[in-house]
Amino acid sequence: MIFINSVWHESIKIKKFPKLNEDTKADVLIIGGGLAGILCAYFLKQRGVNYILVEAQKIGMGITKNTTAKITFQHSLIYSNLIKNYGLERARQYFESNKMALGLYADICKNMECGFEKKSAVTYSINSVKNIEEEILALEKLNYKAQFLDKITVPIKISGAIKFENQAQFNPLKFMANICENLNIYEDTFIHKLDGNIAFTENAKIGAKKIIIATHFPFINSHGSYFLKMYQSRSYVVAIQNAAQVDGMYVDESQNGMSFRNYKDLLLIGGGDHRTGKGGCGYEGLRKFVKANYPKSKEKYFWATQDCMTLDNIPYIGQYSSNTPNWFVATGFNKWGMTSSMVAAKILSDLVLEKKNHFSEVFSPSRSILKPQLFVNLGETVLNFFTPTLKRCPHLGCALKWNNYEHSWDCPCHGSRFTEQGKIIDNPAKRDVNV
């Protein structure tokens, strides 16, 4: 039998939490029950903070359940670009914060059954050994010695690769099931409006001194300009049996390349990346690769995921905007959601307590937006805003496109998705659409 769900989704049941039905107050309100929000709650509880977390549906059942769950501070070939564009100190902040995140996962997972295991992480290039060599030189400036490889254990011919030892992988939903057990969480509690320090649900109001918005894509358009600063990218995963153990985690430096990792007796192969709402090969390219390279394998699971992509490949973690001093945000994880969630939780748990965090500067949401990707995002928005169709996204009015692979209506501007019947699947849209 083939499951149209991630392998994590099939392997665990997470505790259910009640719906909020009466007015309440807290020092900190966390909106969003993905891994970033849950980790924020986890650290705030440790520090004795009066907090509450609300999730519109069920915790862990959004993007978190669809990750490939690599825990690594090797984020493709980011460090050479960071040094070039932001300088050595900002690159060091990014490196050290994600290295810290890996260490924190290792500590938390020590006595926990969540599939945590140390693995090497490898980024490979099919076309450019120069890019690999530049990254190794950049890492030397950060006092980290990475290993150059000229071949890898997956069936792809490469120009070169870079290897980080002692990274990790795990089962993200088993991890979440363990840490959420005693947290103050309400599910099926949708925040439809924020007014200053008051959040409004269908049945209640929540007053909070500080608010953390960890909803994957921020849903407040009037501040922060996140609808300009990000787009969403869709990619696909197949999990196969009877395939070789690849002994590590592998990812192509190219955004539309493939990734590989094992989980128990399965090989997880990801790829097919494209902007949400735009054309892509979906699962076809992955299955073609599997047929050619693993002809005796058997597909057991397949699923898709969605990532928020920033203008410069650095997440937005910090104050939501200059006009909202009591709102904070964690978004734009650029396919590296595991370490980015941990980094976000550590930074935001400091900032809401008005404590300085050494790593916060490099992730500041208020950094310059004058990047080439900004104009691509603007172009997509203008094009789809003026495309004549009755099927429009309730977020900002862009034309919806039919996704034939997944039978959904997708927005190419900001990545909202809806079922064939118009029920919302992915934000930033806050309501269903008439289709």
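Here is a short chat about salt bridges in this predicted model.

Trainee: Why is the contact between E354 and K210 called a salt bridge?

Mentor: The cut-off is a Lys or Arg side-chain nitrogen within 4 Å of an Asp or Glu carboxyl oxygen. For E354 and K210 the closest N and O atoms are 3.2 Å apart, so the pair qualifies.

Trainee: What makes that pair a link between distant parts of the chain?

Mentor: E354 is in the loop between α9 (337–351) and α10 (372–385), while K210 sits in strand β10 (residues 205–213), and the two are 144 residues apart.

Trainee: How do you know whether E354 is buried or exposed?

Mentor: Exposed means over 50% relative accessible area. E354 has 65%, so the label is exposed.

Trainee: What about E406 and R234, why do they count as a salt bridge?

Mentor: Their N to O distance is 2.8 Å, and the rule asks for within 4 Å, so they pass. E406 lies in the loop between β18 (401–403) and β19 (408–410) and R234 in strand β11 (residues 230–241), so parts 172 residues apart in sequence get tied together.

Trainee: Which residues are in the network with them?

Mentor: Salt bridges with shared partners join R234, E406, D410, R417 and D426 into one network.

Terms used: Residues are numbered from 1 along each chain as its sequence is written. This is a predicted model: local features need pLDDT of at least 70, side-chain atom pairs count only at pLDDT 80 or more; totals for chains, interfaces and linings use all residues. Side-chain values use heavy atoms; hydrogens and water are left out. Helices (H or I, at least four residues) and strands (E, at least two) are DSSP runs, numbered from the N terminus. Buried means under 20% relative accessible area, exposed over 50%, partly exposed in between (1.4 Å probe, protein chains only).
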